Amino acid sequence: MCNASPLQNTILSSINSYSITDLENFLKLHNFELSCFLKFDIQPEKLNSIDIELIKKHVSQENISQEKLKERGMTQAKLDEIFGPVGVTCPQCQKKFATEDEFNAFKQYCTICNDVPPPTQPPPPSSNYDLIINNDPLASAKEIRKWLSKGEITKEGLISACGLSPQLAERLAGFYSGEMKEQDVSNLPPLKSDRTDFYFLGMPAAGKSCLVASLLSYWEHIGIYNPDVSNPRSLEYTSVLLEPFDLGYLPDRTDSGFIDYINGELQVRIKGSGIWGKGETTRHIPVNIIDMAGEAWRLAAENGTGLPQHRKYLDNENEKAILIVIDCSDPESTKKQCRNIVRVFNYFTEWGIWENTASVAVVITKADMLTDSPDYHALKVAAENFYNSPSCINLKNRIDELSRKHRFELSVIPYSIGACRFGQILLNASFETNRLMGESTKNLTDWILENTGGNNGGGFGGIFSN
Ligand SMILES: Nc1nc2c(ncn2[C@@H]2O[C@H](COP(=O)(O)OP(=O)(O)O)[C@@H](O)[C@H]2O)c(=O)[nH]1
Ligand SMILES: [Mg+2]
């Protein structure tokens, strides 16, 4: 029986978007009932990952039956751990019984066991399953997909041996990600003029491509994105990012030296902007999005080798908004990321880029890894603490200094697309139910609109998002 409060009901309706730690905290600290998790269709994979002692406590407090848990996909091994192993297993249907007598009574009356063939055998043991269970980096979505197509593992095995939900097993079987061939910078279409250049600058695997993909996807979702069809490379790259992203498949790692360019227009309707403050007008905001693989910058920063081609490519008079992407998920890499980015700042100084820079955002990516809370405010606090920590202080002071000298707007923005698994699977690809991704994309879009086209601080408060 689930007796959820209205607030709990709201949370429960998107239960599968929460991390295991959140779910455990709901049970431990916030008086949720396990029965409510079952009622709101918690995914088997999540149910099976919750701390077994916590489950045991709730099973006994709420008097939850073995059948109910089984129905929601709890594995037999876990059920045995909770309810104690049962004495007799029917060799035909594998049903378990506490005593020989119970089994005999069942046998007498059960027609199923007499009619159906013996259940299929569990999949053969495969060390690949162990890699998957242990979240080993070798078990990437791409590898798992390969193992499945070679028959080394099966979808059924992913469910029964690894405890994944049928949906996740299905998504792994259908996994794909697009790939763009590396293009020499000199072969890219020239950056269009008379628009704002958005530089996404960060080290390898910082989350730039996921950031661009989620942002474009959000712009489509709220209906403000109009692609520019005059640049085929931009259209191809947009499709490569967006089509898999719609299904929760994340972009491939980009090659070293990679730089790519998407251009389009944001079309934003503004309320009360017509004559006498009535009606609405549409504001057209053309943008260049420049996704720069961190590898090229890393090499430049570490070896001091220049980037003459990049310099030539980026050399224009467009107003610039620079998004410095810092991955906060790995404390060991923070200092190195910051050190390299500070060096890149000095290339920008040499190339005169700050003179055209109107705004800079330090985007703290993968911020879901800093906190267990699904609340964007908690994410913000955690990201600010991270940015103010000694690991980032040198970068922070340098950028503050540049902002004073070149008078650009400076913001710190936490960002997360939510929990990911097997490297390239985004667990929840919905902007409505994945609150962290929904809030992150909205916040960054607001920042972009406020800092584009010489409209600093102008505000676009009345955007329609139908
Ligand atoms: N937990 C979590 N992981 C993320 C997030 N964004 C990206 N990732 C992970 O980081 C990996 C690298 O991201 P990617 O965008 O390819 O990095 P890039 O090299 O900077 O373009 C992805 O494949 C995801 O596994 C996030 O918001 N949260
Ligand atoms: Mg990338």
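Biologist: Which helix does Lys 46 lie in?
Modeller: Lys 46 is part of helix α4, which covers residues 44–49. Keep in mind that this is a predicted model.

Biologist: What makes Lys 46 count as buried?
Modeller: Its neighbour count. Lys 46 has 20 C-beta neighbours inside 10 Å. The cut-off for buried is 20 or more. Therefore Lys 46 counts as buried.

Biologist: Which residues does Lys 46 touch, not counting residues up to four places away in sequence?
Modeller: Asn 16, Ile 20 and Leu 23. Contact here needs C-beta atoms within 7 Å.

Biologist: How far apart in space are Lys 46 and Gly 73?
Modeller: They are 9.7 Å apart, C-alpha to C-alpha. In sequence, 27 residues separate them.

Biologist: How much of the chain counts as buried?
Modeller: Of its 466 residues, 37% do. The chain holds 21 helices and eleven strands.

Biologist: Why is α18 called roughly parallel to α20?
Modeller: Look at the angle. Helix α18 (residues 331–351) and helix α20 (residues 393–406) pack at about 20°. Angles under 35 degrees count as roughly parallel. So α18 is roughly parallel to α20. Their axes are 9 Å apart, and the crossing is left-handed.

Biologist: Which residues make that contact between α18 and α20?
Modeller: From α18 come Cys 338, Ile 341, Val 342 and Phe 345. From α20 come Asn 394, Leu 395, Arg 398 and Leu 402. By class, that gives six nonpolar, one polar and one charged residues.

Biologist: How do you know that the span of α20 is close to the expected one?
Modeller: α20 has 14 residues and reaches 20 Å from its first C-alpha to its last. The expected value, at 1.5 Å a residue, is 20 Å. Just after α20, Arg 407 takes a positive phi of about 55°.

Biologist: Why are α14 and α21 called roughly perpendicular to each other?
Modeller: Again, the angle decides. Helix α14 (residues 208–221) and helix α21 (residues 435–450) pack at about 85°. The range for roughly perpendicular is 65 to 115 degrees. Therefore α14 and α21 are roughly perpendicular. Their axes are 10 Å apart.

Biologist: Which residues of α14 and α21 make the contact?
Modeller: Ser 214, Leu 215, Tyr 218 and Trp 219 belong to α14. Met 437, Thr 441, Leu 444 and Thr 445 belong to α21. This contact has five nonpolar, three polar and no charged residues.

Terms used: Residues are numbered from 1 along each chain as its sequence is written. Chains are lettered from A and ligands numbered from 1 in the order in which they are written. This is a predicted model: local features need pLDDT of at least 70, side-chain atom pairs count only at pLDDT 80 or more; totals for chains, interfaces and linings use all residues. Axes are lines fitted to C-alpha atoms, for helices over the stretch in contact, and angles run from 0 to 180 degrees between N-to-C directions. Helices (H or I, at least four residues) and strands (E, at least two) are DSSP runs, numbered from the N terminus. Angles under 35 degrees count as roughly parallel, over 145 as roughly antiparallel, 65 to 115 as roughly perpendicular and the rest as oblique. A crossing is left-handed if the near helix is turned anticlockwise from the far one by less than a right angle, and right-handed if clockwise. Two residues are in contact if their C-beta atoms, placed from the backbone, lie within 7 Å. Ala, Val, Leu, Ile, Met, Phe, Trp, Tyr, Cys and Pro count as nonpolar, Asp, Glu, Lys and Arg as charged, and the others, Gly among them, as polar. The expected span of a helix is 1.5 Å times one less than its number of residues. A residue is buried if 20 or more other C-beta atoms lie within 10 Å of its own, exposed if 12 or fewer, and partly exposed in between; C-beta atoms are placed from the backbone.
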